[in-house]
Amino acid sequence: TPGLARWLTILVGAILAAGIARPAHAQFSGNVSLASNEMFRGETISSNDPAVSLSLGFDGPAGFFAGASASVAAGGDDPRINSSVQYLGYAVRKGEVSLEAGVIHRNYRRVIDGAYRKQFFEGYAGIARRSIKARIHVSPDYLRDGRMTYYGEVNARLLELGKWGVDGHAGVSLIPHDIGSGRKGLRRYRD
C-alpha cells in the first residue's frame, strides 16, 4: 500500500542520511532447525506437528541483506510444506549499535483464525545493541479486511555457556477490534 511504501522509504532514507555506515564484507549463511511445534506469534502454524526448517541468507558489504526460509511439517498429517518466508532489508552499524529496515513476505499453509491471511507482507524497523534486538513490524494486509496491524518484539541473549546459549523473546501484537464489535482502537496480544 502507498502508506507502507512511503513509511519504508522515509525510514531507509533517514538511516542512509545518518551516514553511519562503515565498510563490511559479504557473507552467506545457512541454518537447519527442528521444532516440536512450529509457532508464529504465539500460535501453532504446523498443526502441533514437528517441523524442520531450512534458512539461507546473504549480508552484502554495503549493508543490504536478503534471505529465505521454508519448513516441512509431519506428524498427524502427511509431510507438507508448512511455511515460507522471504525478506530483504538494509542495515547500518555504528560501534555496538545497528539499525535496520526491511520488508518480509510470509506464507503459511495454515492459520488458526480465519480473519488473518495465509500470506502477507510486513515492513519493519529495528535497533540492536550487543545481544539485545528490538523491532517494530507494520502490516497492511495481515488481516483479510485490509486494516493495518502492528507487532513489537524484543529478543535477547539471557545466558551463554561456551557455544551454547539461551535466548528470550517478548512480543505484543496490536490488532484492530472486529469490524462488527462497535469497538474502536487496538486489541493487544502477547507472546
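## Charged pairs and a nonpolar core

Arg 135 is buried, at a relative accessible area of 18%. Keep in mind that this is a predicted model. Arg 135 has a partner: its side chain meets that of Glu 100 in a salt bridge, 2.8 Å from N to O.

**The Glu 100–Arg 135 pair**

- Glu 100 sits in strand S7 and Arg 135 in strand S9, so the bridge links distant parts of the chain, 35 residues apart.
- Buried or exposed: which is Glu 100? Glu 100 is buried, with a relative accessible area of 12%, because the cut-off for buried is under 20%.

**The Arg 130–Glu 96 pair**

- Here the side chains of Arg 130 and Glu 96 form a salt bridge at 2.9 Å, N to O.
- Arg 130 is in the loop between S8 and strand S9 (132–139), while Glu 96 is in the loop between strand S6 (80–94) and S7, so the pair ties together parts that are 34 residues apart in sequence.
- Arg 130 is exposed at 63% relative accessible area, and Glu 96 counts as partly exposed at 37%.

**The Arg 157–Glu 160 pair**

- The side chains of Arg 157 and Glu 160 also meet in a salt bridge, with an N to O distance of 3.7 Å.
- Arg 157 is partly exposed, with a relative accessible area of 34%, and Glu 160 is exposed at 53%.

- Arg 41 lies in the loop between strand S2 (39–40) and strand S3 (43–44), and it is buried, with a relative accessible area of 18%.
- The side chains of Arg 41 and Glu 122 make a polar contact at 2.8 Å.
- Leaving out residues up to four places away in sequence, Arg 41 touches Arg 106, Glu 122, His 137, Tyr 151, Ser 173 and Asp 191.

**The nonpolar core**

- The largest nonpolar core has 12 residues: Phe 40, Ile 45, Phe 65, Val 85, Ile 104, Tyr 108, Tyr 116, Phe 120, Tyr 124, Tyr 142, Leu 143 and Ile 175.
- Strands S7 (97–108) and S8 (119–129) each supply at least two residues of this core.

Notes:
Residues are numbered from 1 along each chain as its sequence is written. This is a predicted model: local features need pLDDT of at least 70, side-chain atom pairs count only at pLDDT 80 or more; totals for chains, interfaces and linings use all residues. Side-chain values use heavy atoms; hydrogens and water are left out. A nonpolar core is a set of buried Ala, Val, Leu, Ile, Met, Phe, Trp, Tyr and Cys residues joined through side-chain atoms within 4.5 Å. Buried means under 20% relative accessible area, exposed over 50%, partly exposed in between (1.4 Å probe, protein chains only). Helices (H or I, at least four residues) and strands (E, at least two) are DSSP runs, numbered from the N terminus. A salt bridge is a side-chain nitrogen of Lys or Arg within 4 Å of a carboxyl oxygen of Asp or Glu. A polar contact is a pair of N or O atoms within 3.5 Å; within protein, one must be able to donate a hydrogen and the other to accept it, and residues adjacent in sequence count only if both atoms are side-chain atoms. Contact means heavy atoms within 4.5 Å.
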